[in-house]
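I opened a new notebook page for this structure.

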Amino acid sequence: MALILIVDDDTAFRMTLAETLDDLGYQVRQAGSCEAGLASLGDGGIDLALVDLRLPGDDGLAFLRAAATMVPGLPCIVLTAYASGSNTIDAMRLGAFDHLTKPVGRDELAQALARALRAHQPAVAEAVDDDTQAGEQMLSNSAPMRAIFKRIGLVADSDNSVLVLGETGTGKELVAQALHANSARAAGPFVAVNCAAIPVELLESELFGHVKGAFSGAASDRLGRFREADGGTLFLDEIGDMALPTQAKILRVLQEREVTPVGGRQAVAVDLRVVAATHRDLEAEVAAGRFRADLWYRLQVITIKLPPLRARDGDVALLAAHFLRQHVQGRAKRLAPAALAALQGHPWPGNVRELRNTMLRAIALSEGDLIDIEHLGLDAAPLSRAAPAPATEAATAAAATAPVTVAATPAGTAEIDWDGPLDRAVELLESCMLRRALAAADGNRSEAARRLGLSRQQLYRKLAQYDIE
């Protein structure tokens, strides 16, 4: 029977997780801090560690570094409730087997544990700079983006070429920056080129440089972007828009690792990693003869495909709040419920970039502290929600003034003050539903959690919040 170490400072969560592990047939040891976790690790016998990233004192990354030295190959699964791509990337680079977001479902946990224990192999850990900000803007709580963060962490140190695919505005350059910042080349330059924004006749000079007098206007030598990126990373954005003759020269540079400036005779060696990106379907472009098959094969050694924003459940609200915090100057602003609903129902063809621009527009157009639907400027009607039937004026007035009666205890009732503070009404409703669910389940907390649609961790937190035994 495997012995699992839980390192988490949230006592309620830790106890619930321990109960789940016990149900799954594992032995459990618990620690509330990085220091206590390492001490427990030193006692021996640990087969796997579940580690929270946010800990008092030294954090979960510090645990990963130390554990890699104390017990080489120990599988560690990182847990976090915070949506930061940088933490996931750092954790995967440090050898974490997986990264799960709280609250953790029983099935998801069981599968992750089984995979990790099966793959118990020595892992190599590398120190990273705690101040690294790579991936900080790639905020997400969605499963598709967590998979992207993990992949970045796993491949960042490789020198293989990476092809980043995704619709316009999904954050392809942010992925390239994260790959660079988390690689051994992080101290070198990161050079980005938008291949679609440079005229065809100037692109070769832009990329490979030129010698003085190579063409009219070449008054001096120019290094070119490949040589500027020497020792670092070159990001070729929208490479699918590149002309075929330039594609052939790019392929030669990737194969030979040297460039010849326009008008020059001497090739110059370059040491760099190439990350390319495009919103185009390169396989279709190859079939149509518009993109070289050999270059496509060369670029897609590692492929990262970014999901569109509409496939990232919950991320619209998360990112909208982030852009508000980031760009509001002076008095804080907040989204009205109708505005948030409009954001969540919009299809976002321009993805995260479109959402960012929408929030900037709303900030500028809203005079007070409330951003309403008219400030967003969204022309398209929401696609994911059916419009409610219009209510009559009398019905609306009646709904606005009618009291809502809920059961405060299994035996009694209490009335929500419709015109009172929202937080008190929410507290009363939650407390009532918790008590009713426990009564209906005869005190069985697992059954009560199921009835309420909560994880057991969430239920325990709510019970503690309302002091319900």
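This is a predicted model: local features need pLDDT of at least 70, side-chain atom pairs count only at pLDDT 80 or more; totals for chains, interfaces and linings use all residues.

**Entry 1: a cis bond.** I looked up the peptide bond from Lys102 to Pro103. It is cis, with omega near -10°. Pro103 sits in the loop that runs between strand 5 (98–101) and helix 5 (106–118).

**Entry 2: overall build.** I counted elements next. The protein has 19 helices and 16 strands. Of its 469 residues, 44% are buried. Residues 24 or more positions apart make up 71% of them. The accessible surface of the protein is about 23000 Å². Carbon and sulfur atoms hold 51% of that surface.

**Entry 3: positive phi.** Most residues other than glycine have a negative phi. Trp348 has a positive one, near 50°. Asp442 is also positive, with phi near 55°.

Where do they lie? I place Trp348 in the loop between helix 14 (337–345) and helix 15. I find Asp442 in the loop between helix 17 (422–440) and helix 18 (445–452).

Is Trp348 buried or exposed? Its relative accessible area is 1%, so I log Trp348 as buried, the cut-off being under 20%. Is Asp442 buried or exposed? Its relative accessibility is 73%, so Asp442 goes down as exposed, the cut-off being over 50%.

**Entry 4: Leu434.** I moved to helix 17, where Leu434 is found. Leu434 has a relative accessible area of 4%, so I count it as buried. What does Leu434 touch, leaving out residues up to four places away in sequence? I list Leu452, Leu459, Lys462, Leu463, Tyr466 and Ile468. I also took one distance from this list. Leu434 and Lys462 are 28 residues apart along the chain, and their C-alpha atoms are separated by 8.0 Å.

**Entry 5: the largest pocket.** I finished the search for open space with the largest pocket. It holds about 480 Å³. The lining has 21 residues, and those closest to the pocket centre are Gly169, Gly171, Glu173, Leu174 and Arg353. Which elements give two or more residues to the lining? They are helix 7 (172–181), strand 7 (190–194), strand 8 (233–237), helix 13 (315–327) and helix 15 (351–365). Helix 15 gives the most, with four residues.

I sorted the lining of the largest pocket by class. I get six nonpolar, nine polar and six charged residues.

**Entry 6: Asn357.** I stayed with helix 15 for one more residue, Asn357. Its relative accessibility is 38%, so I count Asn357 as partly exposed; that class runs between the 20% and 50% cut-offs. I also checked Asn357 against Leu376. The two are 19 residues apart in sequence, and 9.6 Å lies between their C-alpha atoms.

Terms used. Residues are numbered from 1 along each chain as its sequence is written. Side-chain values use heavy atoms; hydrogens and water are left out. On a 1 Å grid over the protein atoms alone, a cavity is a set of points where a 1.4 Å probe fits but cannot get out, and a pocket is an open set with protein on both sides within 12 Å along at least five of seven lines; lining residues have an atom within 4 Å of a point. Grid points are joined across faces, edges and corners, and a volume is the space filled by probe spheres set on the points. Ala, Val, Leu, Ile, Met, Phe, Trp, Tyr, Cys and Pro count as nonpolar, Asp, Glu, Lys and Arg as charged, and the others, Gly among them, as polar. Buried means under 20% relative accessible area, exposed over 50%, partly exposed in between (1.4 Å probe, protein chains only). Contact means heavy atoms within 4.5 Å. Accessible areas come from the Shrake-Rupley method with a 1.4 Å probe; for residues, only the protein chains shown count as cover.
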